[in-house]
Amino acid sequence: MKQLNQYWNSFSFIGLVFATLFFALSVSPSLLPRPWFFQGVLSGIAIAVGYSLGVACQWLYHFLELPSPTNERTQRILKMIVSLGVAIFFVHCLRQMTYWQNSIRQLMEMPLAETAYPWRTAAIALLSGAILIGATRLLIRVCAWLASWLNRLLPRRVSIVVSTLLVGFLLLLIGNGIIARVLLRAADSIFLHADELVDEGIEQPVYPIATGSNESLISWDSIGRQGKNFIADGPTREQISDFLGREAMRPIRVYAGMRS
């Protein structure tokens with residue numbers, strides 16, 4: 001535990017390389033387009049995970065007492081080369097962010113964004129990543145302190161396991177009881193506000209038996225954003241008639257959301 005604590009308290013070049021690569025991969029194309037602030041938070045989590053993995057690999061390498069593959073001069077040269085390569089890859093991914101985001105938007109038939117705000121995303125990612133790494137260091141220090149206290153009563157390895165389990169259990173209780181609840185409330189507030197918006201070109205139905213009309217039992221204001229899009233974007237009577245080659249009935253889309 002003390003050895004791992006020392007690795008976390010010192011700056012890790014391998015951890016920095018892993019963190020940079022994880023950030024670059026986090027901004028690559030995904031299944032859904034993301035706002036720059038949300039992308040920054042996710043990239044910050046990726047930075048923290050990457051740094052942790054790098055530190056763990058470095059600790060495991062020394063724990064296995066493997067010899068250093070090169071001398072100090074060669075190590076400095078390799079670090080310079082790796083740093084240059086990682087920096088170029090990092091800047092390349094930042095420059096590609098807008099293109100990658102628009103490629104997803106184009107596939108989903110969404111309006112293209114002028115910019116994905118790569119430098120804002122990077123700033124938020126660095127801040128959130130640093131906070132998570134600092135919190136991890138604090139947890140390791142707490143585990144080390146608790147293990148040293150338990151070592152008076154228990155064997156050293158047993159005290160390490162018990163202290164890790166106790167801190168992990170306490171963190172789980174705090175995360176489920178406080179952090180998760182606050183994050184869920186914040187997410188609900190954000191999505192409820194977004195759900196009240198109406199996309200351009202979407203109008204309330206006028207046909208009496210259509211969902212959301214003035215005569216409908218489901219009011220137009222109680223229908224969310226995606227529900228309104230579903231109701232208004234359906235095929236018209238003329239389009240269905242042209243497709244079938246004969247006169248069609250007036251189509252009606254029925255929708256009832258949570259607020260309805």
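Student: At what angle do helix H2 and helix H4 pack?

Tutor: This is a predicted model, so take the geometry as computed from it. H2 covers residues 13-26 and H4 covers residues 72-107. Their axes lie 9 Å apart, and the packing angle is about 20°.

Student: Are H2 and H4 roughly parallel or roughly perpendicular to each other?

Tutor: Angles under 35 degrees count as roughly parallel. The angle for H2 and H4 is about 20°. H2 and H4 are therefore roughly parallel.

Student: Is the crossing of H2 and H4 left-handed or right-handed, and which residues of H2 make the contact?

Tutor: The crossing is left-handed. On the H4 side, the contact uses Lys79, Val82, Ser83, Val86, Phe89, Phe90, Cys93 and Leu94. By class, the contact of H2 with H4 has eleven nonpolar, two polar and one charged residues. The H2 side is Phe13, Val17, Thr20, Leu21, Phe23 and Ala24.

Student: Is Thr20 buried or exposed, and what is Thr20 in contact with beyond its neighbours within four places in sequence?

Tutor: Thr20 sits in helix H2. Buried means under 20% relative accessible area, and Thr20 has 17%, so Thr20 is buried. Leaving aside neighbours within four places in sequence, its contacts are Val86 and Phe90.

Student: Moving on, how are H3 and H5 related: roughly parallel or oblique?

Tutor: H3 is residues 36-63 and H5 is residues 118-150; their axes come within 7 Å and cross at roughly 40°. That angle makes H3, relative to H5, oblique.

Student: In which hand does H3 pass H5, and how do the residues of the contact divide by class?

Tutor: H3 passes H5 in a right-handed crossing. The H3 side includes Trp36, Phe37, Gly40, Gly44 and Tyr51, and the H5 side includes Arg120, Thr121, Ile124, Gly129 and Arg137. The residues of the contact divide into twelve nonpolar, seven polar and two charged.

Student: Where is Trp36, and how far apart in space are Trp36 and Thr121, C-alpha to C-alpha?

Tutor: Trp36 is in helix H3. With a relative accessible area of 29%, Trp36 is partly exposed. Leaving aside neighbours within four places in sequence, Trp36 is in contact with Ala116, Tyr117, Arg120, Thr121 and Ile124. Trp36 and Thr121 are 85 residues apart in sequence, yet their C-alpha to C-alpha distance is 5.5 Å.

Student: What is phi of Tyr117 near?

Tutor: Tyr117 is in the loop between H4 and H5. Its relative accessible area is 34%, so Tyr117 is partly exposed. Phi takes a positive value here, in a residue other than glycine, and is near 50°.

Student: Zooming out, how many helices and strands does the protein chain come to?

Tutor: From the N terminus on, the elements run α-α-α-α-α-α-α-α. The count is eight helices and zero strands.

Student: Among contacts between residues at least 6 apart in sequence, what share joins residues at least 24 apart?

Tutor: Contact here means heavy atoms within 4.5 Å. For the protein chain, the share joining residues at least 24 apart is 66%.

Student: What percentage of the residues of the protein chain count as buried?

Tutor: The protein chain exposes about 18,300 Å², and carbon and sulfur atoms supply 66% of it. Of the 260 residues, the buried share is 27%.

Definitions and conventions. Residues are numbered from 1 along each chain as its sequence is written. This is a predicted model: local features need pLDDT of at least 70, side-chain atom pairs count only at pLDDT 80 or more; totals for chains, interfaces and linings use all residues. Side-chain values use heavy atoms; hydrogens and water are left out. Axes are lines fitted to C-alpha atoms, for helices over the stretch in contact, and angles run from 0 to 180 degrees between N-to-C directions. Helices (H or I, at least four residues) and strands (E, at least two) are DSSP runs, numbered from the N terminus. Angles under 35 degrees count as roughly parallel, over 145 as roughly antiparallel, 65 to 115 as roughly perpendicular and the rest as oblique. A crossing is left-handed if the near helix is turned anticlockwise from the far one by less than a right angle, and right-handed if clockwise. Ala, Val, Leu, Ile, Met, Phe, Trp, Tyr, Cys and Pro count as nonpolar, Asp, Glu, Lys and Arg as charged, and the others, Gly among them, as polar. Buried means under 20% relative accessible area, exposed over 50%, partly exposed in between (1.4 Å probe, protein chains only). Accessible areas come from the Shrake-Rupley method with a 1.4 Å probe; for residues, only the protein chains shown count as cover.
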